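Keep the 3D view open as you read.

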Amino acid sequence: MRTKIKRVKKQQLDHAIIKEAGEILKNGGLVAFPTETVYGLGADALNAGAAGKIYAAKGRPSDNPLIVHITEMEDLKKIAAVVPREALVIADRYWPGPLTMIFEKTDAVPYGTTGGLDTVAVRMPSDETARAVIAAGGGYIAAPSANTSGRPSPTTAGHVEEDLAGKIEMIIDGGPVDIGVESTILDMTVAPPMILRPGAVTKEMLEELIGEVAEDRAFYEPGSGVKPKAPGMKYRHYAPRAGLSVVEGDMNQVVAEINRMAEEKIAGGSKVGIIGTQETVDRYTCGDVKSIGTREDEATIAAHLYGILREFDQDQVDYIYSESFAAGGMGSAIMNRLLKAAGHHVINV
Ligand code: TXA
Ligand code: MG
């Protein structure tokens with residue numbers, strides 16, 4: 001299959017391209033499009049055959065459910081059987097935006113979309129192109145991140161092309177995304193509601209609205225034997241090809257230890273990548289050093305994380321050493337993805 005690549009401007013809809021994307025989706029095909037979090041790989045969520053093509057194109061395990069994307073509050077009742085009052089309060093504030101909520105599903109949603117579950121994950125993105133594509137495609141678009149299963153999520157159309165060219169009908173290139181990590185997932189079928197995946201809408205932000213919110217401890221305690229409640233969170237994910245270690249501790253010692261390990265590996269003939277920050281990059285003495293952003297603004301770190309992991313793949317490094325980041329706020333989402341990319345390999349200094 002030849003994949004069409006169509007370029008669009010961020011805040012300016014291209015109606016001809018949107019129309020063409022809508023036709024592909026309505027006919028059961030696949031279209032990748034930008035959202036504010038990461039690029040999504042869209043298919044008609046209410047058509048089990050179309051959703052099935054997503055699993056084939058990504059090489060995704062069939063028990064890993066998809067998020068259904070909508071554009072209007074009105075449309076929620078067709079797919080969600082029970083919508084608790086708290087969900088309406090949260091939606092009022094954070095939809096459209098980087099938040100997914102899980103509800104009991106209606107019969108309109110095929111099990112092929114939910115990986116056999118009786119619940120459905122729903123998100124209303126804010127990106128204008130995403131919204132137009134969803135509406136043109138019939139209003140209910142299943143969209144996982146548009147990467148090959150196991151690779152870092154795509155934050156540019158180029159990343160999507162690397163993984164999915166030749167396997168899908170169209171890629172809409174809307175430039176780099178704003179946020180760079182996937183949406184927060186909040187399970188509304190339990191009391192108190194539980195965060196299954198941390199993202200830009202933080203625990204603190206949700207608690208301010210509805211009171212107590214729980215967290216799936218599995219995403220911080222991988223060795224505890226706790227099984228993650230979002231099926232997708234159990235796979236080694238977001239992973240670069242090189243071995244990645246996260247180094248934690250006092251900043252001076254972290255820099256010294258990364259320099260020591262990098263020198264040792266390089267002396268042994270390996271290629272080493274280092275993930276530093278604007279505050280520290282000048283202090284690394286060897287290796288392929290990249291700044292992920294500034295600690296003064298964690299959003300910059302989230303935005304560059306997946307792109308840097310892909311760059312190191314392209315540079316064919318053998319080992320990557322990364323500084324670590326504080327949990328809390330956006331830091332929780334960053335550390336969750338970084339630790340998963342590292343297969344939870346952490347060095348304490
Ligand atoms: O930001 C995002 O959410 C992006 C953009 C494209 O919208 N999408 C995304 O989808 O990250 P995906 O498929 O890569 O991740 C969805 C996660 C998986 O871990 C999956 O297991 C979980 O959501 N999930 C989906 N439906 C669920 C359900 N009914 N119950 C529990 N977890 C669910
Ligand atoms: Mg994904």
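A polar contact here is a pair of N or O atoms within 3.5 Å. With that cut-off in mind, look at T119: an N or O atom of the T119 side chain is 3.0 Å from a nitrogen atom of ligand 1, so the pair falls within the 3.5 Å limit and counts as a polar contact. Taken by itself, ligand 1 exposes 680 Å², and the protein buries 98% of that area. Please remember that this is a predicted model, so every distance quoted here is computed from predicted coordinates.

**Around the ligand**

| Side chain | Atom of ligand 1 | Distance |
|---|---|---|
| T119 | nitrogen | 3.0 Å |

Where does ligand 1 sit? Its place is the largest pocket. A shell of 28 residues surrounds the ligand, and the closest of them are T37, N64, H69, S183 and G232. Sorted by class, the shell holds 15 nonpolar, eight polar and five charged residues.

β4 (67–69), β6 (119–123) and β10 (194–197) each supply at least two residues. Which strand gives the most to the shell? That is β6, with three residues.

Now let's turn to E323, which is found in strand β15, residues 319–323. Is E323 buried or exposed? E323 is buried, because its relative accessible area is 0% and the cut-off for buried is under 20%. The E323 side chain has polar partners: a polar contact of 2.6 Å joins it to the side chain of Y284, and another, at 3.4 Å, links it to the side chain of T277.

V246 is our last stop. This valine lies in strand β12, which covers residues 243–248. V246 counts as buried because its relative accessibility is 0%.

Methods:
Residues numbered from 1 in each chain as written. Chains lettered and ligands numbered in written order. Predicted model: local features only at pLDDT ≥ 70, side-chain atom pairs only at ≥ 80, totals over all residues. Heavy atoms only, no water. Near = heavy atom within 4 Å. Polar contact = N/O pair within 3.5 Å; in protein donor to acceptor, adjacent residues only side chain to side chain. Areas by Shrake-Rupley, 256 points an atom, 1.4 Å probe, with all protein chains shown as cover. 1 Å grid on protein atoms, 1.4 Å probe; cavity = no way out; pocket = protein on both sides within 12 Å on 5 of 7 lines; lining within 4 Å. Sits in = over half its atoms within 2 Å of the grid points. Helix = DSSP H or I, 4+ residues; strand = E, 2+ residues; numbered from the N terminus. Nonpolar A, V, L, I, M, F, W, Y, C, P; charged D, E, K, R; others polar. Buried < 20%, exposed > 50% of the residue type's maximum accessible area, 1.4 Å probe, protein only.
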